[in-house]
Amino acid sequence: MATLNLSSLQALAFHRLSSSFPQSTPTLSFNFQPKPFANPRPISLKPYVSEKPRARVVALAVKSLGETEAVAVSPEDGQSAGELPSGSGVYAVYDTNGDVQFIGLSRNIAASVAAHWKSVPELCGSVKAGVVDEPDRETLTQAWKSWMEEYIKVSGKVPPGNESGNATWVRQPPKRKPDLRLTPGHHMQLTVPLENLIDALVKENKVVAFIKGPRSAPLCGFSQRVIAILENEGVDYESVNVLDEEYNYGLRETLKKYSNWPTFPQIFVDGELVGGCDILTSMYEKGELASLLKK
C-alpha cells in the first residue's frame, strides 16, 4: 500500500491560499490503491454577479416620469385624446395648469383615469401612463415608487393627491351589504318555486353575484376575486351565499339549471348571466366590465 502525504500537494496546488491556513495545521495522510494518472480538469473561477431583483428590472423598463408623453383628457366626456392603455402600470394625473395632482398604480389605467374624471373632473387635464409587462404587486409598486421619487426629487414634495389623509383620489371601499336570503328557512314550505325566486332576484337588481361563502369572507379564491373586482369598480351589487344550507337550501343545483352554468361564482348583470371568475376578470382587465356596468 502506498502512502500519499497531502502536505506537499498543498504547497504546489494551493500555494496562493497557503497564507490563509494556520501554520500549525496538522498533516493529513491516508492509504489508497494507486490508479492511472489522469490530468485534472482545469477550474475556471468567474466573479459572482448578483442578479438584480426582478421588480427592479421591470421598473427600469418603464420610462421615467419626465420622459413619458402626456395625453390630454377631453373635457367633454373624460376620455383621452389618445389611447390610454387598459393594462396594468403607473400613471400621473395633471391638472389644466400642468401640475401633478396624483400618481397612482392600477390594474387598468384607462378605467382608473375614467373613475378620477368622474369624481374630480376639474383636476384632470392630462395623463402620463407607463405600462408594466407581466405585472405583480411588487413590480407595480416599484414602478410607482420610481415615479414618486422622481417627482419628489424635482419638486421637493409629494403630489397633493398622495398626501397622507387625502381621500380625494383614493376610492373609499363601499359599506358591505348583508348577503341576500332566498328562503325564510330550510324547514319552511315555499309558496313559490325556487327557480322563480332566482329569476325575480336577478331581474330586479342591476348586479347579482352568487358566491361561495359570505361577501365579507368568501370561502374560495374565485369568489374572493369576484368580490374584489366588483368593489373596486364601486358598483352597487347584491350577493347570495350558495353554501348557506339554512336559508338558500337547494340553491346550487337549481341555479345550475336556471343559468345552464355548472360552476360558481356566477355573476348576473341586468338579468343576464355574464359568467364566472375568469370571464369577469378578463372583462375587468380589458375595461369592458366598467362599460357594461355603466349601461
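Cys124 is buried, its relative accessible area being 6%, where buried means under 20% relative accessible area, exposed over 50% and partly exposed in between (1.4 Å probe, protein chains only). This is a predicted model in which local features need pLDDT of at least 70 and side-chain atom pairs count only at pLDDT 80 or more, while totals for chains, interfaces and linings use all residues. Residues are numbered from 1 along each chain as its sequence is written, and side-chain values use heavy atoms, with hydrogens and water left out.

**Cysteines**

A search of the whole structure for disulfides (a pair of cysteine sulfur atoms within 2.5 Å) finds zero. Cys220 is accordingly in no disulfide, and the nearest cysteine sulfur, which belongs to Cys277, is 7.9 Å away. Cys220 counts as buried, at 17% relative accessibility.

**Salt bridges**

With a salt bridge taken as a side-chain nitrogen of Lys or Arg within 4 Å of a carboxyl oxygen of Asp or Glu, the count comes to six.

| Lys | Partner | N to O distance |
|---|---|---|
| Lys177 | Glu238 | 2.9 Å |
| Lys203 | Asp199 | 3.1 Å |
| Lys206 | Asp270 | 3.0 Å |

Helices (H or I, at least four residues) and strands (E, at least two) are DSSP runs, numbered from the N terminus, and they place each pair along the chain.

Lys203 counts as exposed at 56% relative accessibility, and Asp199 as partly exposed at 24%.

The side chains of Lys206 and Asp270 also meet in a salt bridge. That pair links distant parts of the chain, 64 residues apart, with Lys206 in the loop between α5 and β7 (207-211) and Asp270 in the loop between β9 (266-269) and β10 (272-275). Lys206 is partly exposed at 25% relative accessibility, and Asp270 is likewise partly exposed, with a relative accessible area of 44%.
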